[in-house]
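Colleague: I've got a model open and a list of things to ask about it. Can we go through it together?

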Amino acid sequence: MYGFLIGVGVLLLLSIIWMVYRIQTLVSVVKGSDKKVASGSNKVNAVLFVLFLVGTGILMFWYSIKEFDNYQLPVASEHGVITDQLFWITMAVTGIVFLITHVLLFIFPYKYQYSEKRKASFYPDNNKLEIIWTVVPGVVLAGLVISGWMAWSDITAPAPEKAHVVEIMGYQFAWEIRYPGADNVLGDYDYRLITASNSHGVDFTDKNSIDDFSSPKVVIPKGEPVLFKIRARDVLHSVFAPHMRLKMDAVPGMPTRFWFVPTKTTAEMRIELNDPEFEYEIACTEICGRGHFSMKKVIEVVEPEAYQKWLSEQKTFLQMNPALAEGLPTETKELAEIQLKGNK
Amino acid sequence: MATATVANHDSAAHDHHDHEHHDNFVTKYIFTQDHKMIGKQFLITGMFWAIIGGFLSILFRLQLGFPGMDMSFLRPILGGWIDEAGALDPTFYLALVTMHGTIMVFFVLTAGLSGTFSNYLIPLQIGARDMASGFMNMLSYWFFFLSSVIMFISLFIKTGPAGGGWVVYPPLSALEQAIPGSGLGMTLWLVAMTCFIASSLLGGINYITTVINLRTKGMSFSRLPLTIWAFFLTAVIGLLSFPVLFAAALLLVFDRSFGTSFYLSDIYIAGEALPNTGGSPVLFQHLFWFLGHPEVYIVLLPALGITSEIIATNSRKPIFGYKAMIISMLGITILSFIVWAHHMFVSGMNPFLGSIFMFLTLIIAVPSAVKVFNYLTTLWRGNLIFTPGMLFSIGLVSFFISGGLTGIFLGNSAIDIQLHDTYFVVAHFHLVMGSASFFGLMAGVYHWFPKMFGRMMDAKLGYIHFWLTFAGVYLVFFPMHYIGIAGFPRRYYSWTNFEFANMYTDLNMFVSVAAIITFAAQFIFIFNFFYSMFRGRIASLNPWRSNTLEWTTPLHPGHGNWPGEIPTVYRWPYDYSKPGAEEDFIPQTVPLSATPESNLPHEQELVKLELEIMKEDEEVLVANESKH
């Protein structure tokens with residue numbers, strides 16, 4: 001019944017619009033305004049441009065200021081401070097250009113709307129002007145590019161020797177974390193070694209892998225360089241840690257990396273944001289299939305002492321699952337056992 | 001009017017024995033070789049795809065704006081993709097996003113825009129009877145049609161259409177185990193795109209040949225309307241970049257079907273280690289973006305060309321900096337080939353390469369800036385007439401600025417780390433490429449409709465359409481900048497899994513509502529288009545009082561465009577409001593010698609030369625006549 005009523009309503013509305021449309025067409029024919037170069041609508045459109053400029057301008061400023069704290073994510077890494085700075089410098093430069101060009105673009109239609117009494121001025125070119133507005137944007141852009149390039153070079157420079165290594169492996173649809181253990185060197189891996197109990201495909205014949213361990217979350221120390229070694233097991237993924245201003249694709253067959261220095265512990269951030277639930281998060285930003293939107297991992301930034309303590313408490317792959325050592329050469333096995341005992 | 005047509009036909013038949021033909025329905029409307037009809041075929045097909053592409057976006061905007069809403073009412077169309085609880089399937093969400101992108105970029109803004117206007121306008125504006133090869137032109141459309149049919153079918157298959165994003169990065173697009181859309185759906189996608197590339201190449205070769213060889217007497221390159229320059233350069237870009245996409249697709253086909261490892265390496269999926277080693281997914285990205293980035297200019301340049309023409313005409317002023325405009329377009333054309341890797345700053349490629357591409361990318365902003373300043377100066381002290389075409393052109397300039405400026409953020413690799421693959425990118429390219437090109441398409445349709453169908457579109461409906469769409473586009477895409485700065489990733493079915501993105505439900509809802517209204521507003525245009533085609537007011541021969549050649553043809557030009565001789569061109573196309581001239585426009589066909597009152601000093605010098613040439617021509621003509 002409602003459907004029927006709505007249908008009738010829509011039909012009525014459409015026929016009314018139709019009538020109005022026909023009437024206005026006929027009226028314009030009778031008035032002869034369709035013969036004129038520019039009808040009364042010309043003025044309406046000219047005024048609308050100005051109204052649009054003012055209306056959307058107010059809306060933009062109001063919302064940008066009101067929501068600033070919402071869309072500006074707190075930053076928690078050293079390089080993030082610099083890239084944020086670059087972002088806001090660029091915002092200032094482009095913002096000015098945006099405003100000036102739009103004011104001109106929407107004021108000109110009002111100011112120079114058609115008038116039979118006036119004739120447009122014949123002004124086909126001016127090489128001086130062209131050179132000015134080629135050179136000025138060129139110089140400004142060069143400034144932006146060079147500052148961006150310097151930041152980029154620093155960010156992508158090789159990680160410091162002492163950086164804490166964390167391996168992040170993406171797969172459909174989660175991340176897995178591996179730590180290199182006491183030697184700070186990750187053991188070899190091979191995707192053909194992947195089994196249900198060895199999801200990383202760690203090659204335990206490599207001595208470096210003996211003290212490797214896995215963790216349900218990324219734990220890293222504040223104020224010290226951290227190197228993410230990133231890889232993928234099946235399709236492309238991308239590690240995105242928004243608060244760290246960090247993003248790098250995870251590519252099957254081609255390990256990637258990203259190093260950074262976290263500047264605030266999770267606890268400090270909780271106090272700063274007054275949010276006791278706050279966690280640093282990793283999300284996936286490369287389309288990877290059905291569960292793309294659910295690849296979450298938590299990063300916990302702690303004080304360096306707490307980090308060392310946490311490290312010493314972790315159990316290696318082999319401790320967690322001694323079965324993994326089966327089939328290894330006895331020499332390696334013994335080495336593993338010695339190391340395990342030594343750790344205890 | 002009827003008599004006029006008959007008369008035209010008679011004279012055409014009389015003067016052009018080679019163009020005498022008796023079209024039946026099939027040769028006139030279907031397998032036609034007339035560039036005008038082929039242009040219209042591209043336009044109608046493009047409009048069909050725009051509605052499909054727009055509708056798909058509404059479906060996923062419903063999901064994003066109203067997460068958890070009951071979508072059972074969509075089951076008649078989407079069937080099993082709506083689950084028992086009335087929720088949209090997350091895999092199909094990705095398919096929707098993928099197909100929206102593919103359809104809009106290739107089928108609407110490449111074929112619908114370039115296909116329509118290059119075909120329609122090139123012969124008319126350069127003074128040619130038709131394209132260099134009418135047959136290839138026909139093939140071009142029918143390859144596009146075949147491609148359309150295949151892509152359309154892929155929407156309805158059981159495993160769904162391709163779902164790996166419009167960029168179809170492998171391994172996702174190569175492995176059926178990874179996403180169901182990478183099965184038959186992806187196969188159809190690849191076949192459809194192959195046909196599409198064939199269509200583009202056939203068209204492009206034709207456009208280039210026609211512009212170079214078939215210009216009428218006097219139509220030197222320095223007298224070409226900017227539209228033609230734009231179409232010409234677009235065709236060059238397409239011809240050089242589409243084959244690379246074909247190569248990328250071909251290698252993908254090999255990886256998918258014949259066990260090669262061009263893009264695949266070290267993959268463990270669905271409990272099984274695949275044998276592929278040594279391939280590189282990044283290779284595909286390089287190949288894809290070698291087309292993908294020039295593609296941006298393939299859709300944008302024609303729109304900018306159309307805008308240049310319409311803004312000059314309706315400002316009643318010459319386009320400011322005609323030569324600077326051409327040089328900018330040439331600059332964009334060349335630079336468009338050497339900036340592709342700015343899509344890949346965080347793909348894992350060598351960061352040094354990132355530095356190089358950052359420098360190259362920001363260089364391309366300079367010619368774009370020059371174009372904007374030239375448009376603004378063209379408006380300055382003009383006598384502006386706001387036809388719907390003019391409104392859409394001004395809208396285009398606005399989007400070009402808004403979206404272009406955000407490109408400066410994204411082209412800066414240090415800033416791109418955070419913004420890459422967030423909604424900031426979505427906002428950026430939808431404004432600068434999507435909406436700007438779409439507005440170019442709309443401007444072109446409103447402006448050349450009288451030529452296409454001999455009738456006027458209703459201006460008032462056009463105004464309503466413009467203002468709803470213009471405001472709508474900003475209301476949809478501007479808020480996405482905030483969402484993007486906040487770090488919301490693209491292609492997410494929902495953001496509730498993440499604390500950092502668990503906000504802005506209100507803004508997303510707002511965007512969705514704005515999108516629905518904007519989409520609905522397009523039906524005003526659809527109505528106006530088809531209604532005016534049959535019932536619109538009959539157009540005058542030159543309704544916008546424009547200078548270019550197409551307005552010298554009869555109201556309904558036959559195949560061959562001009563009855564009698566093709567007009568000769570004596571001047572550039574932008575002699576608007578010339579001091580001393582009686583009217584505020586002087587068509588290109590008016591000799592300089594006929595307008596001594598308005599000639600500039602250097603033109604006055606050319607008059608003598610012009611008169612000599614005209615005299616020679618007359619002698620040749622007389623000699624020819626006497627031979628008959």
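What follows is a chat about a predicted model, in questions and answers.

Colleague: Let's begin with the sheet in chain A. In what order do the strands of the open sheet of 5 strands run?

Modeller: The pairing in this open sheet of chain A is mixed. The twist averages 25 degrees from one strand to the next. Reading across the 5 strands, the order is E4-E10-E9-E6-E7.

Colleague: And which are the edge strands?

Modeller: Look for the strands that pair on one side only.

Colleague: How many bridges join E6(A) to E7(A)?

Modeller: E6 of chain A covers residues 237-241, and it runs antiparallel to E7(A). Two of the facing pairs are A:Ala241 opposite A:Leu246 and A:Phe240 with its bridge partner A:Lys247. The bridge count between E6(A) and E7(A) is 5.

Colleague: Which residue takes a positive phi in the hairpin of E6(A) and E7(A)?

Modeller: That hairpin has 4 residues between the strands. One residue there has a phi near 55 degrees, and it is A:Arg245.

Colleague: What stands opposite A:Phe240 in E9(A)?

Modeller: E9 of chain A spans residues 280-284 and pairs with E6(A) in the antiparallel sense, over 2 bridges. A:Phe240 also has a bridge partner in E7(A), A:Lys247. In E9(A), the residue facing A:Phe240 is A:Ala283.

Colleague: Why is E6(A) largely enclosed by the rest of the structure?

Modeller: Both faces of E6(A) are covered. On one side A:His237, A:Val239 and A:Ala241 are buried, and on the other A:Ser238 and A:Phe240 are buried. E6(A) counts as largely enclosed because of its buried residues, 5 of the 5.

Colleague: At about what angle to E4(A) does H7(A) run?

Modeller: H7 of chain A takes in residues 304-313. The helix lies across E4 and E10 of chain A, the latter being strand 297-302. Relative to E4(A), H7(A) runs at about 135 degrees.

Colleague: What covers the buried residues of H5(A)?

Modeller: The buried residues of H5(A) include A:Trp133, A:Pro137, A:Leu141, A:Leu144, A:Val145 and A:Trp152. An α-helix has 3.6 residues a turn, so residues three or four places apart point the same way. The cover includes elements from both chains: H4 (78-111) of chain A, together with H10, H11, H12 and H13 of chain B.

Colleague: Is A:Leu129 buried, partly exposed or exposed?

Modeller: A:Leu129 is found in H5(A), and its C-alpha is 47 Å from that of A:Cys284, 155 residues away in sequence. A residue needs 20 or more neighbours to be buried and 12 or fewer to be exposed. With 16 C-beta neighbours inside 10 Å, A:Leu129 is therefore partly exposed.

Colleague: Which element of chain B gives the largest share of the side that touches chain A?

Modeller: The contact takes 98 residues from chain B and 90 residues from chain A. The chain B side divides into 61 nonpolar, 24 polar and 13 charged residues. Its largest share, 14 residues, comes from H11(B).

Colleague: How many residues does each domain of chain B put into the contact between domain 1 and domain 2?

Modeller: The domain assignment gives domain 1 as 2-8 + 32-265 + 272-535 and domain 2 as 553-627. Their centres are separated by 38 Å, taken over C-alpha atoms. From domain 1 the contact takes 23 residues, and from domain 2 it takes 23.

Colleague: Last one: is B:Ala85 buried or exposed?

Modeller: B:Ala85 lies in the loop between H4 (75-78) and H5 of chain B. Its C-alpha is separated by 7.3 Å from that of B:Asp70, 15 residues apart along the chain. Because B:Ala85 has 9 C-beta neighbours inside 10 Å, it counts as exposed.

Technical notes
Residues are numbered from 1 along each chain as its sequence is written. Chains are lettered from A and ligands numbered from 1 in the order in which they are written. This is a predicted model: local features need pLDDT of at least 70, side-chain atom pairs count only at pLDDT 80 or more; totals for chains, interfaces and linings use all residues. Two residues are in contact if their C-beta atoms, placed from the backbone, lie within 7 Å. Ala, Val, Leu, Ile, Met, Phe, Trp, Tyr, Cys and Pro count as nonpolar, Asp, Glu, Lys and Arg as charged, and the others, Gly among them, as polar. Domain bounds come from an automatic or database domain assignment. Two strands pair if DSSP finds at least two bridges between them. Axes are lines fitted to C-alpha atoms, for helices over the stretch in contact, and angles run from 0 to 180 degrees between N-to-C directions.
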